[in-house]
Amino acid sequence: VQLVESGGGLVQPGGALRLSCAASGMIFKNYMMGWYRQAPGKQRELVATVSSSGNAAYADSGKGRFTISRDNARNTVYLQMNSLKPEDTAVYYCNAKNIIIRPPPNYWGQGTQVTVSS
């Protein structure tokens, strides 16, 4: 299983970024997909998840600003981030958690840096 994130970068406060995570080596529809982030000196935290049927859930930090989505035909999950704030600065990680197998295999991407600064 491989998860490859892209789309990070430097953006000014109030700006937007769209992160992508391309998955391979897996049956994509059998995985709950999610985005997590880790800021310097802090623990990794959940940002959002999306089920195979497209049901999304968000941490309070991103509600109303972030939108997670997935394209099962392209084996890709996205995170659209709007109205970015300096506190959104972090490395963003893609996560895949199997919903069929117990205990569920859990995979991570290598991360993509998002920096919000003027």
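A salt bridge is counted where a side-chain nitrogen of Lys or Arg lies within 4 Å of a carboxyl oxygen of Asp or Glu. By this rule there are five salt bridges. The model is predicted, so local features need pLDDT of at least 70 and side-chain atom pairs count only at pLDDT 80 or more, while totals for chains, interfaces and linings use all residues. Residues are numbered from 1 along each chain as its sequence is written, and side-chain values use heavy atoms, with hydrogens and water left out.

**Salt bridges**

- Arg65 pairs with Asp88, with the closest N and O atoms 2.7 Å apart.
- Strands, like helices, are DSSP runs numbered from the N terminus (helices: H or I, at least four residues; strands: E, at least two).
- Arg65 is buried at 11% relative accessible area, and Asp88 is buried at 0%.
- Arg74 forms a salt bridge with Asp71, the closest N and O atoms being 3.3 Å apart. Arg74 is exposed, with a relative accessible area of 62%, whereas Asp71 is partly exposed at 24%.
- Through shared partners, salt bridges join Arg37, Glu45, Arg65 and Asp88 into one network.
- Lys63 forms a salt bridge with Asp60, where the closest N and O atoms are 3.2 Å apart; both residues are exposed.

**Nonpolar core and surface patch**

- A nonpolar core is a set of buried Ala, Val, Leu, Ile, Met, Phe, Trp, Tyr and Cys residues joined through side-chain atoms within 4.5 Å.
- The largest such core has 27 residues, of which Met33, Trp35, Leu79, Met81 and Tyr92 touch the most other members. Two or more residues of this core come from each of strands S3 (17–24), S4 (31–38), S5 (45–50), S7 (66–71), S8 (76–81), S9 (90–98) and S11 (112–116).
- In soluble globular proteins, nonpolar side chains tend to be buried together.
- A nonpolar patch on the surface consists of Met32, Ile99, Ile100 and Ile101, with about 340 Å² of accessible area together.
- Patches are made of residues with over 30% relative accessible area and no salt bridge, with like charges joined within 9 Å and nonpolar side chains (Val, Leu, Ile, Met, Phe, Trp, Tyr) within 5 Å. Accessible areas come from the Shrake-Rupley method with a 1.4 Å probe, and for residues only the protein chains shown count as cover.
- Ile100, one of the patch residues, lies in the loop between S9 and strand S10 (106–108) and is exposed at 56% relative accessibility.

**Disulfide**

- The structure holds one disulfide, a term used for a pair of cysteine sulfur atoms within 2.5 Å.
- The disulfide joins Cys21 to Cys94, with an S to S distance of 2.1 Å. Cys21 in strand S3 and Cys94 in strand S9 are 73 residues apart, so the pair links distant parts of the chain.
- The torsion about the S-S bond of Cys21 and Cys94 is about -80°, which means the disulfide is left-handed.
- Both Cys21 and Cys94 are buried.

- Contact means heavy atoms within 4.5 Å.
- Asn30, in the loop between S3 and S4, is buried at 17% relative accessible area. Apart from neighbours within four places in sequence, Asn30 is in contact with Lys97, Asn98, Ile99 and Ile100.
- Thr115 lies in strand S11 and is partly exposed, at 26% relative accessible area. Not counting residues up to four places away in sequence, Thr115 touches Gly9, Leu10, Val11 and Thr89.

**Backbone details**

- Most residues other than glycine have a negative phi, and most peptide bonds are trans.
- A cis peptide bond joins Arg102 and Pro103, with omega about -10°; Pro103 is in the loop between S9 and S10.
- Asn75 has a positive phi of about 50°, and this residue is in the loop between S7 and S8.
- Ser83 also has a positive phi, near 50°; Ser83 is in the loop between S8 and S9 and is partly exposed at 43% relative accessible area.

Technical notes. Buried means under 20% relative accessible area, exposed over 50%, partly exposed in between (1.4 Å probe, protein chains only).
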